Amino acid sequence: MNIRDAYDIGIDLGLNDIQAKLIAAQAAFESANFTSNVFKLNNNPAGIQYINQPYQKNAIPGSSYPASESKTAKYAKFATIKDGFKDMIRITYPALKSNPDPITYAALLKSRSYYTGDQGIYTSGLIRYWNQAKDFTKKKISPFISAILVASGILIIISTIKKK
């Protein structure tokens with residue numbers, strides 16, 4: 001998993017280009033660039049807590065919070081990484097929907113109590129990964145597939161002309 005994969009998942013789940021870049025940057029930051037145990041053990045890109053509510057679809061109790069956090073809660077565990085992103089987007093969409101820049105997005109998340117840490121650190125993390133994602137574009141059709149589609153179109157036109 002990498003930030004490009006996260007961007008592609010965002011696009012696949014219906015986010016626009018800016019929103020997909022933000023969610024990819026956020027997931028990369030919150031999961032230590034997809035290396036955290038929470039991500040690896042639970043398919044959880046954002047340290048989402050398991051709360052056993054109907055709107056938290058596809059989640060089951062995952063690994064426990066570390067003792068240092070003094071929480072008895074568990075992280076949400078998802079069957080797939082994509083399911084983890086679905087829940088992350090559900091939680092963050094009120095802040096995502098206006099297509100903010102990373103600084104505004106971090107402030108919106110903070111104002112909604114999404115995170116409790118230092119806003120400057122969170123913003124810096126988002127910007128660092130945003131800069132890796134900022135030039136991503138939606139995947140294009142491969143040249144081979146494109147050539148097949150063009151050839152098919154030409155054959156359809158020729159067969160239509162011959163019928164006349």
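This is a predicted model: local features need pLDDT of at least 70, side-chain atom pairs count only at pLDDT 80 or more; totals for chains, interfaces and linings use all residues.
# Reading the helix packing around α5

Colleague: At what angle do α5 and α6 pack, and how far apart are their axes?

Modeller: Helix α5, residues 102-111, and helix α6, residues 119-133, pack at an angle of about 140°, and their axes are 9 Å apart. That value makes α5 oblique to α6, because only angles over 145 degrees count as roughly antiparallel.

Colleague: Which residues of α5 meet which residues of α6?

Modeller: From α5 the contact draws on Pro-102, Ile-103, Tyr-105, Ala-106, Ala-107, Leu-109 and Lys-110, while α6 contributes Gln-119, Tyr-122, Thr-123, Leu-126, Ile-127 and Trp-130.

Colleague: How should I read the pattern of burial along a helix, and which residues are buried in α5?

Modeller: The general idea is that an α-helix has 3.6 residues a turn, so residues three or four places apart point the same way. In the present case, the buried residues of α5 are Pro-102, Tyr-105, Ala-106 and Leu-109. Viewed down the axis of α5, these buried residues fall within an arc of 100°, so they line one face of the helix. On the other side of α5, Ile-103 and Ser-111 are exposed.

Colleague: What covers the buried residues of α5?

Modeller: The cover includes α2, which spans 17-30, α4, which spans 81-96, and α6.

Colleague: Let us take α2 next; at what angle does it pack with α5?

Modeller: Helices α2 and α5 pack at an angle of about 65°, with their axes 11 Å apart. The two helices are therefore roughly perpendicular to each other, since that class takes in angles from 65 to 115 degrees. As for handedness, α2 passes α5 in a right-handed crossing. On the α2 side the contact is made by Leu-22, Ile-23 and Gln-26, which meet Pro-102, Tyr-105 and Leu-109 of α5. Sorted by class, this contact of α2 with α5 has five nonpolar residues, one polar residue and no charged residues.

Colleague: And how do α2 and α4 pack with each other?

Modeller: Their angle is about 120°, and the axes of α2 and α4 are 11 Å apart. Here, too, the crossing of α2 past α4 is right-handed. The contact is formed by Gln-19, Leu-22, Ile-23, Gln-26 and Ala-27 of α2, together with Phe-85, Met-88, Ile-89, Thr-92, Tyr-93 and Leu-96 of α4. By class, the contact of α2 with α4 has eight nonpolar residues, three polar residues and no charged residues.

Colleague: Turning to backbone angles, where is Asn-33 found, and what is its phi?

Modeller: Asn-33 is found in the loop between α2 and α3, the latter being residues 37-42. Its phi is near 55°, a positive value in a residue other than glycine. With a relative accessible area of 33%, Asn-33 is partly exposed.

Colleague: What share of the contacts between residues at least 6 apart in sequence joins residues at least 24 apart?

Modeller: For this chain the share is 57%.

How values were computed
Residues are numbered from 1 along each chain as its sequence is written. Side-chain values use heavy atoms; hydrogens and water are left out. Axes are lines fitted to C-alpha atoms, for helices over the stretch in contact, and angles run from 0 to 180 degrees between N-to-C directions. Helices (H or I, at least four residues) and strands (E, at least two) are DSSP runs, numbered from the N terminus. Angles under 35 degrees count as roughly parallel, over 145 as roughly antiparallel, 65 to 115 as roughly perpendicular and the rest as oblique. Contact means heavy atoms within 4.5 Å. Buried means under 20% relative accessible area, exposed over 50%, partly exposed in between (1.4 Å probe, protein chains only). The arc is that of the directions from the helix axis to the C-beta atoms. A crossing is left-handed if the near helix is turned anticlockwise from the far one by less than a right angle, and right-handed if clockwise. Ala, Val, Leu, Ile, Met, Phe, Trp, Tyr, Cys and Pro count as nonpolar, Asp, Glu, Lys and Arg as charged, and the others, Gly among them, as polar.
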